[in-house]
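This report describes selected local features of one protein model. The sequence and structure are shown first.

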Amino acid sequence: MAGFKTLDDIGAVSGKRVLVRVDLNVPVADGKVTDATRIERIAPTIAELSKKGAKVILLAHFGRPKDGPSAEFSLEPIARATADVLGRPVGFAADCIGAKAAEAVAAMKDGDVLLLENTRFHKAEEKNEPAFTEQLAANGDIYVNDAFSAAHRAHASTEGLAHLLPAYAGRTMQAELDALEKGLGDPVRPVVAIVGGAKVSTKIDLLMNLVKKVDALVIGGGMANTFLAARGTAVGKSLCEHDLAGTAKQIMIEAAEAGCAIILPADGVVAKEFKAGAPSEIVAISDVPADGMILDVGAKTVQSVSDWIDRAATLVWNGPLGAFEIEPFDRATVAAAKHAAARTKQGKLVSVAGGGDTVAALNHAGVAGDFTYVSTAGGAFLEWMEGKPLPGVEVLKR
């Protein structure tokens, strides 16, 4: 973290009002948080600042409210869940600016924790309007960003505040940046990337960046079919973006020029319909029947992926190898994930994974906790993998 200011650089915070941007965009049903993972991740930053006597003021968004304040998108239920995770009271203010926020902040004692209402109840938040940012800053002396997942957005609470107050990365942000640096910034080589998912069209920038950064790129999921088709392989009724054959060819050309090996399926699990328990068979990738769909990669491909993982010192993973949501088309993803986890536990691999489907797949395989780092930041993680600067990170540089 030599390039970023962190809590280690913050100095004395006792009595200071510290605005902490956090990710509380958690799933809620019937007024209750159903998955507190994101709250648990920000707890260390909150606890550290509180213990040092700071007045900890949390800023967050929730959902995508379109018409101002509404009960549906209120953070009040999440304040209660945050209190449960922290094991201490968390106050709540019914606005993030103005009199309601100012009064709640003024009533705080050293060490107190307060959550302000959804920043996106104000359209000026996403527009990063200076006047709104100044209103947010009026309630703080110091700014800490602990929401990497929102760092790809130049909003008032994620980027604007860093220009008005001394700005630092929180512990979750620090851990994320450390992991990403080990993954692609300054990795131990060889580096292998696994990229899966349905469509090439959503990951063109990602693939173009990776072939210049990694030693081998494993392409799985539906997007592998587009590459296979571009090479002249018939893929039957499989999901395939035939109109992107030219793009796939260009990616393969750039990979060859950069010395990056492209690993495509050698065999596939083929079925005539996509549903749980559908009859399926493993065929060589050159023998996919005209009425068949490739829904997973086969045993030979899994062995090849495992061999590449064995050669790697660093693994970056985004996207499943097959349609892991439905059995038996989860087998390849589970097998590769377990192999990567085992290598990581043996101290032979730095494994960094991220993206919504990836996190779900690793949880499904029961190995998310065994990877070096699993990012819950969907869009921000992808943009980082694409090599794009993240506004909320750039402003934290020394």
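Is Asn128 buried or exposed at 19% relative accessibility? Asn128 counts as buried, the term standing for under 20% relative accessible area, with exposed meaning over 50% and partly exposed in between (1.4 Å probe, protein chains only).

## Basis of the model

The model is predicted, so local features need pLDDT of at least 70 and side-chain atom pairs count only at pLDDT 80 or more, while totals for chains, interfaces and linings use all residues. Residues are numbered from 1 along each chain as its sequence is written, and side-chain values use heavy atoms, with hydrogens and water left out.

## Backbone features

Asn128 has phi near 55 degrees, a positive value in a residue other than glycine. It is found in the loop between α4 (123-127) and α5 (130-137); helices (H or I, at least four residues) and strands (E, at least two) are DSSP runs numbered from the N terminus. Asp30, also not a glycine, has a positive phi of about 55 degrees. Asp30 is found in the loop between β2 (28-29) and β3 (32-33) and counts as exposed at 81% relative accessibility.

Two cis peptide bonds involve proline. One joins Arg189 and Pro190, with omega about 5 degrees, and Pro190 is found in the loop between α6 and β9 (191-195). The other runs from Glu327 to Pro328, with omega near 5 degrees; Pro328 is found in the loop between β15 and α11.

## Helix α12

In α12 (residues 356-365), the buried residues are Thr358, Val359, Ala361, Leu362 and Ala365. They cover an arc of only 165 degrees around the axis, which puts them on the same side of α12; the arc is that of the directions from the helix axis to the C-beta atoms. An α-helix has 3.6 residues a turn, so residues three or four places apart point the same way.

The buried residues of α12 pack against β15 (314-318), α11 (331-345), β16 (350-354) and β17 (373-375), contact meaning heavy atoms within 4.5 Å. Just after α12, Gly366 takes a positive phi of about 75 degrees.

## Salt bridges

The structure holds 14 salt bridges, each being a side-chain nitrogen of Lys or Arg within 4 Å of a carboxyl oxygen of Asp or Glu. Asp8, Glu48, Lys52 and Arg171 are linked in a network of such bridges. Within it, the closest N and O atoms of Glu48 and Lys52 are 3.2 Å apart, and Lys52 is partly exposed at 41% relative accessibility.

Lys272 and Asp291 meet through their side chains at 3.3 Å, N to O. Lys272 lies in the loop between β12 (267-271) and β13 (280-284) and Asp291 in the loop between β13 and β14 (293-297), so the pair ties together parts that are 19 residues apart in sequence. Lys272 is exposed, with a relative accessible area of 64%, whereas Asp291 is partly exposed at 32%.

The largest cavity holds about 110 Å³ of space, a volume being the space filled by probe spheres set on the points, which are joined across faces, edges and corners.

Of its 13 lining residues (those with an atom within 4 Å of a point), the closest to the centre are Asp23, Asp146, Ser149, Thr172 and Thr376. α1 gives the most to this lining, with 3 residues.

Key. 1 Å grid on protein atoms, 1.4 Å probe; cavity = no way out; pocket = protein on both sides within 12 Å on 5 of 7 lines; lining within 4 Å.
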